[in-house]
Structures are given as structure tokens and as C-alpha cells.
Amino acid sequence: MPINGNRAETTKSGRNWIHGPLEKFSRRVTLWSGSSWAFASAVGIILIWIVTGPIFQFSDTWQLVINTGTTIVTFLMVFLIQRSQNKDAMAIQIKLDELLAAQPGASNTLIDLEDWDEDEIAAIHKRFSVLAERLKAATDESSAHSISEAQDALEEAHQTLHEVHAARQHKQRHGKHKKDRQNHEPH
């Protein structure tokens, strides 16, 4: 259902007149293709194909039938699986964003992490991996300074988030100014 809740409006725009039926169909196919019945059907088709081999004298056409069928099914399943993964990933990301946003004291800097470019994600991952190791070492019960070290590592994590946020804001402003200059340059 559209975010604004008005399905008829979306249909009238022409953009999604086919989206509803395709969504319903792909959901049903996704559910069915992961079922025991789908697996049994695939095994049955393969067995029928094997049994008919001697009847068709294992001809090229006999082989072409299974090759073509499996190629078509594989081609369609790639898109179906990708659609399903995209939808699941988006739903999980929304749930995680909601949890992060609802957590008191949590930084909202990481809410849109999935939209960052790969280098930014790798850099923040590296910094947090180092922090995780420090926190793990600081929480060792045999260490006399573990609470103090954990607090230091936590403060460093907050500093890291602040730096990442500032760098992203700078990058976004710089990118916007660069686009503005390009739009105003004579061609």
C-alpha cells in the first residue's frame, strides 16, 4: 500500500497500475518457490526428463528441453530472489533505524548508513573494530581500570560518530557547491 494510504490515487497516476498485481504475483511465486511442493515438482520434472531419455534416444532435442527450461527458470528466479532480498533488506533497515532512533542517547548519525558509499562504511567499520577491541579489553574483569577504559572507549566512539557526521556534512555541502558551480558555468 502507498505511504499516503490512497491506493486509487497511485493507480490513477499510471505509475503503479501494474505494480499491485505484479507485487501480489511475485509474493506468491516467492512463497511457493521456497516450499516443499516446489522442490518436489522440480525433482519430479527431472525424473520425468531422465525417464524419457531412452524414449527420445537421448537426442539433442531431449537435452535442449531441460537446458532451456532450467535456463528460463534460473533467469526469472534471479530477479525474483533479488526483489525479495531488496524488500527484506529495506524492511530490516527500517526496523533497525527505528530501534536506533528510539534508543535514548544513541547517535542518529548511523541511521542512513546503508546510503553511505563503500569507502565511508569501510572507514567507520575499521574505527569501530578498533573501539570494539578496546572495549573488549577494557571489560576484562581482571583489569583494575576496566570501567575507566570502557568509558574512554565509549567517549572515543561518540567522538568518532561526531567526526563522521561532520565529514559527511562537509562532503554533502562540497558536493552541492560543486554541482551549483557546474550548473552556472557556460557550456
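In what order do the elements of the protein run from the N terminus on? Please then examine the contact of helix α2 with helix α4.

Reply: From the N terminus on, the elements run α-α-α-α-α-α. The protein thus described has six helices and zero strands, where helices (H or I, at least four residues) and strands (E, at least two) are DSSP runs numbered from the N terminus. This is a predicted model, in which local features need pLDDT of at least 70 and side-chain atom pairs count only at pLDDT 80 or more, while totals for chains, interfaces and linings use all residues. Residues are numbered from 1 along each chain as its sequence is written, and side-chain values use heavy atoms, with hydrogens and water left out.

The average pLDDT (the predictor's confidence in each residue, from 0 to 100) is 79, and 78% of the residues score at least 70. Where pLDDT is low, the predicted coordinates should not be read in detail.

The part requested involves helix α2 (residues 19-33) and helix α4 (residues 60-102), whose axes come within 10 Å and cross at roughly 100°. Axes here are lines fitted to C-alpha atoms, for helices over the stretch in contact, and angles run from 0 to 180 degrees between N-to-C directions. Helix α2 is therefore roughly perpendicular to α4, a term that covers angles of 65 to 115 degrees. On the α2 side, the contact is made by Glu-23, Ser-26, Arg-27, Val-29, Thr-30 and Ser-33; α4 contributes Met-77, Leu-80, Arg-83, Ser-84 and Lys-87. By class, three residues of this contact are nonpolar, four polar and four charged. In this scheme Ala, Val, Leu, Ile, Met, Phe, Trp, Tyr, Cys and Pro count as nonpolar, Asp, Glu, Lys and Arg as charged, and the others, Gly among them, as polar.

The loop between α3 and α4 holds Gln-57 and also Phe-58. Gln-57 has a phi near 55°, positive although the residue is not glycine, and Phe-58 likewise has a positive phi, of about 50°. Gln-57 counts as exposed because its relative accessibility is 69%, whereas Phe-58, at 48%, counts as partly exposed. Buried means under 20% relative accessible area, exposed over 50%, and partly exposed in between (1.4 Å probe, protein chains only). Of the 187 residues of the protein, 15% count as buried.

Note on methods. Angles under 35 degrees count as roughly parallel, over 145 as roughly antiparallel, 65 to 115 as roughly perpendicular and the rest as oblique. Contact means heavy atoms within 4.5 Å.
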